[in-house]
Amino acid sequence: MPLLKNGEWILDTWRFYADDQPIPSARPKIVTLARLQGDDGEFLFHCGCNLGVRLESHEKVEELEPWLERLQLIALVFPKFVDGRAFSSAAMLRGHYGFKGEIRAVGNVLVDQYPFMRRVGFDAFEVEPGRAQDSWKKARIGIGLAYQYDDTSEAEATAVWRARRGVRPALAAE
Amino acid sequence: MYRYDEFDARFVAERTAQFKDQVERRLRGELTEEEFRPLRLMNGLYLQLHAYMLRVAVPYGVLSSRQMRQLAMIAERFDKGYGHFTTRQNIQYNWPRLEDVPLILEALAEVEMHAIQTSGNCIRNVTTDQYAGVAADEIEDPRPHCELLRQWSSLHPEFSFLPRKFKIAVTGAPFDRAAVKVHDIGLRMHRNEQGLPGFEVIVGGGLGRTPMVGKTIRGFLPADELLPYVTAIMRVYNRFGRRDNKYKARIKILVHEIGVDAFSELVEAEFAKGDHGEAIELAAAEVARIEAYFAPPAYEALAEKDPAHLAHLFENKAFARWVRHNVAQHKVPGYSIANISLKPTGGIPGDATADEMRLVADLAERYSFAEIRVAHEQNLVLPDVATRDLWALWQALDAAGLATPNLNLVSDIIACPGMDYCALATARSIPIAQAISRRFADLSRQEDVGDLHINISGCINACGHHHVAHLGILGLEKKGVESYQITLGGSADENAAIGQLIGPGFAAHEIVDAVEAVVRVYLDGRRGQEERFLDFFRRVGVKHFKEAIYATA
Amino acid sequence: MPEIITANHLIGGDVVFLAENGWTPNVDRATVAEDEATRAALEARAAEAEAMNIVVAPYAVEVRREGSRIVPVHYREVMRTRGPTVRPDLGHQASLGAS
């Protein structure tokens, strides 16, 4: 699946393994929360390669607490683009937990949601091939101005309230 | 009032350009309707019964003369010469062409307006008391915090794909004109013992098919903690609100299902997690910056009583009547708050023509420091009129048919557009409002009846707020024809209550008689005129009405 | 049955009905399907028009004939053929002079 990361389309080195798929030992892999919580969950960390987890929209980030420091990637699923729970999951991972690894958006990921996703902390976007991907490739991808102070993507966004500090109201009032 | 700085202007310009691009992609066929629909809804563009409808945000109901003139220009150039002021202090255009919408948005941006978040499952336009900043009974001006919330909620990255729409209302006065108890979040400003400003936080109110009065989860929240606290509420709702059934997706259902105590614990736990240092600091700096815009205008030092005004009151009965009903007390001596009723006898509640908008803009410029308010009752307000100017103002309004002296009377009816315009409606509301207004056209009779609020909704979604009317009317479809149910005893103020159904519905041709019958029951049974309709209802109960109404039918 | 197909124009938003040679604002000119096969054919044409971004959200409406007029059975659809009942000066009723 094509992956947009840091503004570039790259080859995805990660692979997701559903619960019924056997897991190879030596490549970066994404597993379900159920697998991580299962009997051999701990074993997954012992193979010496990168491990990520995939969280469905109804699954809570709190469940990941025991492993957060050892996970390199968390994939948050958008089953439908209107299901906005993953926005809170990402915001909590970056905010409360200070998670520094990759937070990847997967599922029904619309280009028009990109600014919102970036600003809550997503940094990789797994876009389904077809129409959705065409629109991603056509669109000018950017964030633009944002008011919210809890923005985590200062590199691209201008957080208005921060920028205003030092700007005198008289200037704006004309 | 608030003015955009370079950032606000750029923010709206970017969004306008973005939607223009989306409309062009749609017209070129690069976006299907399914893909375009959520995008147009984010910009307030609906497809209604006869045409597209564009809902423009009037932030917390405050408009400048310049903005009002631009709204008139848009009505004339891009619509059919009129607009409709809504029960959420916004304005709707009923006939825009899709290809014109980018131009309309550009025209709005020129006067610091937009249509962002006037629909969709996001935080909608924050509403407040139409007398904010000028009411004699006000504790604190709510507008700076409304503006703070407006900015904070604009394209909020975490809360733009909520389970359902989300409405916040704020009041700074003890007498609640903003219906805060029937909003997803209602905020009432208070001062604590130390004199510091803060909010009582009320959650889970709402109308629609499951009407509920909100519950207080914080008696006093220091004002500077507002955003972190609201963030905590929103996060709990976004994570745990139901998404399996759109009719159970509002926050009121979550609060109801898990209980207000459990909900409150979740919010407090979420709130306690964060270090809100930067948030509080930035918000405090913002509020201070915003407050400068809401500094009082240059009021003259006037005497409380103006002799010429008193003489006009004495000499002209029509003027005196208008002052009695439509003018409210201002906090500054010698000033008044003038309400402009958009409910002429037999008129369409909330509709205003381009000419009327321009006249109101002119009058605001001449008499009210160029400021206008939109009330959720679908009337307009000139908030800062010198009492001595009321006579001249009234004459100008009266000449234009805008001086109907019926505020809070039977004919001051709130009505949603209903099936005359709305694609969701199950029945018409406007013709019912018109018929009631005509039946009660005699003002002396209205005055005798006194304070009686009639609200009409054309479907269960309750945009006409019928649940919180003293006399509510809900239009439904029954066996292929329109049918109207009556509820009694609702109230939208600080003693908010949901109206009670009196019984089976009435046909369209029966409903006005039924309303009149309700009024007769009240007039026959009240203990003098001092006992208002709502007091009477609370004393005798719904059963009394039920027996009287259906016995005679 | 009988049924006609209605939709809104994409560009203007106005209510239109599917007729022999395209879409018309005049309901009396709409093609009436008296049987399933005709309706299916009309629906296919409507779906094509939607795919070509000419109209939005087409759907079938039950009607009855009153002389030369075509009148929807449901009052909501009657209003859609005319315009707001509270503004007889606006909508199709104004331009078409519908009764």
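A: Two strands are said to pair if DSSP finds at least two bridges between them. With that term in hand, we may turn to this structure, which is a predicted model.

Q: Which residue in β4(C) is the bridge partner of Ile5(C)?

A: The partner of Ile5(C) in β4(C) is Ala60(C).

Q: With which strand does β1(C) pair over three bridges, and in which sense?

A: That strand is β2 (residues 15-19) of chain C, and the pairing is antiparallel. Within it, Val16(C) of β2(C) stands opposite Ala7(C).

Q: How many residues of strand β1 of chain C are buried?

A: The general idea rests on a cut-off: a residue is buried if 20 or more other C-beta atoms lie within 10 Å of its own. In β1(C), residues 3-9, five of the seven residues are buried, so the strand is largely enclosed by the rest of the structure.

Q: How are side chains arranged along a regular strand?

A: They alternate between the two faces of the sheet.

Q: What is the strand order of the open sheet in chain B?

A: The five strands follow the order β3-β14-β15-β12-β11 in chain B, and their pairing is antiparallel. At the edges stand β3 (62-64) and β11 (327-329) of chain B, each of which pairs on one side only. On average, neighbouring strands of this sheet are turned by 30° against each other, direction ignored.

Q: How many bridges join β11(B) to β12 of chain B?

A: Three bridges join β11(B) to β12, residues 335-340 of chain B, and these strands run antiparallel. One bridge links Ala328(B) with Ile337(B) in β12(B).

Q: Which strands does helix α13 of chain B lie across?

A: Helix α13, residues 390-399 of chain B, lies across β11, β12 and β15 (380-386) of that chain. The helix runs at about 10° to β12(B).

Note on methods: Residues numbered from 1 in each chain as written. Chains lettered and ligands numbered in written order. Predicted model: local features only at pLDDT ≥ 70, side-chain atom pairs only at ≥ 80, totals over all residues. Helix = DSSP H or I, 4+ residues; strand = E, 2+ residues; numbered from the N terminus. Axes fitted to C-alpha atoms, helices over the stretch in contact; angles between N-to-C directions. Contact = placed C-beta atoms within 7 Å. Buried ≥ 20, exposed ≤ 12 C-beta atoms within 10 Å, placed from the backbone.
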